[in-house]
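Have your viewer open as you read.

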Amino acid sequence: MTITEEKIWNILETICDPEIPVLNIVEMGIVRKISIDDTVCRIIVTPTYSGCPAMKTIEDQIIEELLLNGIDSVEVKKTYSPAWTTDWLSDETKIKLREYGIAPPEGTSEEDFFDSILTKNITCPYCKSTNTKLTSEFGSTSCKSLHYCENCLQPFEHLKCI
Amino acid sequence: MNLDKKVKSALFEFLLRMGDDRLILGHRLSEWCGHAPIIEEDIALGNIALDLIGQASAFLSLAAEVDSKGKTDDDLAYFRDETQFKNLQLLEQPNVNFAGTIVRQYFFDVYANLILENLTNSSFKDLAGIAEKCLKENKYHIRHSKQWLLRLGDGTELSNEKSQNAVDKLWRFTNELFEKDDVDKILIEEKIIQETDLLKNLWDDRVLLTLGKAQLNKPIETHDFSHGSRKGFHSEHLGHLLAEMQILARSYPNAKW
């Protein structure tokens with residue numbers, strides 16, 4: 001195959017996360033590894049959460065997008081290790097999330113795996129106030145919790161730190 | 001990993017047990033969809049069900065791979081009969097009410113926590129990887145079920161009564177949680193799982209501590225009637241659950257939409 005790994009990464013960067021369309025699957029840390037040999041292009045992906053229902057769509061989109069770019073022999077494999085973590089999100093990615101209206105994870109999974117949503121007042125993505133409260137640890141997708149801003153009186157979602 | 005026949009078949013059995021636990025409990029939780037007491041809880045139970053079914057898929061896919069007969073996780077989930085399921089009887093028990101669901105969930109979450117910790121040290125790397133992933137999710141599942149148990153047990157007279165009833169009814173299913181058989185022994189030998197002897201005591205300690213805080217008691221008379229789930233013996237409830245879970249896949253094999 002004459003195609004390079006870099007080209008594949010670029011193609012995959014055009015695929016949005018179906019549940020958080022402002023981010024692509026590379027920014028989300030879902031694509032872990034790409035390898036190419038003479039006959040086949042192998043992509044290793046990892047689910048954010050075990051039951052993430054977007055996973056199948058993402059796998060299908062990878063195959064479809066590469067096919068459109070003339071790469072017809074593609075294998076997508078799932079790995080569980082190392083387990084996905086929000087630590088893989090870059091600072092730029094977190095800014096994009098906030099601008100989209102989702103409060104990004106604060107801190108690292110090492111120091112406050114998930115406890116941050118119970119102990120911290122997550123910053124409101126709209127008005128930046130920390131006068132907020134947790135409504136529910138579980139939200140519209142596995143990766144998000146629900147909060148309410150007492151300052152601008154807006155409910156908002158937060159990408160949980162795991 | 002090159003495994004001899006005996007180890008391979010023990011590993012396949014063990015992976016079915018882990019996968020079936022999660023598939024059956026995940027299905028039970030999903031029955032709450034649209035019926036939970038409050039909308040946040042509807043979403044929470046749906047999320048946890050989804051995690052468990054995702055975890056089941058990981059374990060069953062690995063089981064299918066170890067078995068190397070060209071099957072998939074879906075084949076194992078939808079085309080096995082009742083006696084071929086290896087889940088704990090505790091997990092197939094009906095939801096009854098919210099208190100019953102929470103007690104069952106807390107019993108399982110603590111059990112799962114101990115087993116998953118154990119598996120993260122597995123010599124079989126694929127299994128250790130899945131365990132590491134599941135453990136992350138298990139930590140917030142436990143937090144959810146424990147907090148509810150404390151609130152319901154130490155809540156109103158009625159919520160305490162319903163929770164105590166659930167503890168009384170479900171306790172009898174917990175004696176087999178860490179029952180060890182040849183499958184476990186073979187895998188312990190291979191360091192695929194670590195020694196499990198101490199886990200039942202740890203489970204008792206943790207669960208009794210929480211029950212105490214929740215103003216709930218372990219039943220005085222316990223009838224240890226559940227045995228053999230891991231060999232495929234089940235209560236009457238599993239068949240009904242499977243009928244609902246499997247009917248579509250069996251009526252229209254290989255259907256796609």
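## Cavities and contact

Among the elements that line the largest cavity, α5(B) gives the most, with four residues. Helices here are DSSP runs of H or I with at least four residues, strands are runs of E with at least two, and both are numbered from the N terminus. This is a predicted model, in which local features need pLDDT of at least 70 and side-chain atom pairs count only at pLDDT 80 or more, while totals for chains, interfaces and linings use all residues. Residues are numbered from 1 along each chain as its sequence is written, chains are lettered from A and ligands numbered from 1 in the order in which they are written, and side-chain values use heavy atoms, with hydrogens and water left out.

Back to that cavity: α1 (5–30) and α5 (98–119) of chain B each supply at least two residues of its lining. The lining of the largest cavity counts 16 residues, and B:F14, B:Y111, B:I115, B:E179 and B:D184 lie nearest the centre. The structure holds three cavities of 30 Å³ or more. On a 1 Å grid over the protein atoms alone, a cavity is a set of points where a 1.4 Å probe fits but cannot get out; a pocket is an open set with protein on both sides within 12 Å along at least five of seven lines, and lining residues have an atom within 4 Å of a point. Grid points are joined across faces, edges and corners, and a volume is the space filled by probe spheres set on the points.

The second largest cavity has residues of chain A in its lining, including A:D17, A:M28, A:C52 and A:C143.

The table sets three of these spaces side by side. Its classes take Ala, Val, Leu, Ile, Met, Phe, Trp, Tyr, Cys and Pro as nonpolar, Asp, Glu, Lys and Arg as charged, and the others, Gly among them, as polar.

| Space | Volume | Lining by class |
|---|---|---|
| Largest cavity | about 150 Å³ | eight nonpolar, two polar, six charged |
| Second largest cavity | about 70 Å³ | six nonpolar, three polar, two charged |
| Second largest pocket | about 320 Å³ | six nonpolar, four polar, five charged |

The second largest pocket draws on both chains: β5 (132–136) of chain A, together with α2 and α6 of chain B, each supply at least two lining residues. Of the 15 residues that line this pocket, A:T135, A:E137, B:E41, B:Q147 and B:W148 are the closest to its centre. The most comes from α6(B), with five residues.

Now for the contact between the chains. With contact meaning heavy atoms within 4.5 Å, 21 residues of chain B and 25 residues of chain A take part. Together the chains bury about 2000 Å², 59% of it on carbon and sulfur atoms; buried area is the accessible area (1.4 Å probe) that two parts lose on being put together, summed over both. In chain B, B:K133, B:K136 and B:R143 lose the most area to chain A, together 34% of what that side buries.

One salt bridge is counted between the chains, where the term means a side-chain nitrogen of Lys or Arg within 4 Å of a carboxyl oxygen of Asp or Glu. A:E137 forms a salt bridge with B:R143, and the closest N and O atoms are 2.9 Å apart. On the side of chain B that touches chain A, α2 (39–67) and α6 (125–153) are the elements that give two or more residues. The largest share of that side, 11 residues, comes from α6(B).
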